[in-house]
Amino acid sequence: MKFLLDACVDSRGLRALLIGRRHDVASAARVGPNTPDDLLLALAAQERRVLITSDKDFGVLVFVHRMPHAGIVRLTDMSDPGRIAAMQEVLDDHSAALGQHAILVVSPKRIRVSFADPEGRREG
């Protein structure tokens, strides 16, 4: 699976976990600091990368503005060790959902899985 780490969650530990599990990992830092969220989401969609972030604005872009995406994992209210443990659980238990472009909101106590059209189309 391919991932794009937003600057707000990018760390050696999280990167090592993903690479250690043979995932393709890119960093938002390669695009540049202060890249607007819509451009970062567009890049992730174009490269078919699941975006890992702690920023809730991506949910608005996907659910309200209907931007295309390849899936999002939002890690909330966690330190770096918590993010690493949470991503282990996501990879172990929710890989199928990620493969279907799911939007996962991961908190220390639960994982919420939802779906939005990955092409950004509106129904009807």
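**Close-up views of a predicted model**

**View 1. Strand β3 and its partners.** Leu4 has Leu51 of β3 as its bridge partner. The chain crosses from β3 through α3 to β4, a right-handed β-α-β crossover (with the strands pointing away from the viewer, the path from the first strand over the helix to the second runs clockwise). Strand β1 (residues 2-5) is parallel to β3, with three bridges; strands pair if DSSP finds at least two bridges between them. Strand β4 (residues 72-75) also runs parallel to β3, joined by three bridges, and Thr53 stands opposite Arg74 in β4. Helices (H or I, at least four residues) and strands (E, at least two) are DSSP runs, numbered from the N terminus. The model is predicted: local features need pLDDT of at least 70, side-chain atom pairs count only at pLDDT 80 or more, and totals for chains, interfaces and linings use all residues. Residues are numbered from 1 along each chain as its sequence is written, and side-chain values use heavy atoms, without hydrogens and water.

**View 2. The two faces of β3.** Val50 and Ile52 on one side of β3 (residues 50-53), and Leu51 and Thr53 on the other, are all buried (under 20% relative accessible area, 1.4 Å probe, protein chains only).

**View 3. The largest nonpolar core.** A nonpolar core is a set of buried Ala, Val, Leu, Ile, Met, Phe, Trp, Tyr and Cys residues joined through side-chain atoms within 4.5 Å. The largest one has 21 residues, and those touching the most other members are Leu14, Leu18, Ile52, Val73, Leu75 and Met87. Helix α4 (80-93) is among the elements that each supply at least two residues; its four residues are the largest share.

Note on methods
Buried means under 20% relative accessible area, exposed over 50%, partly exposed in between (1.4 Å probe, protein chains only).
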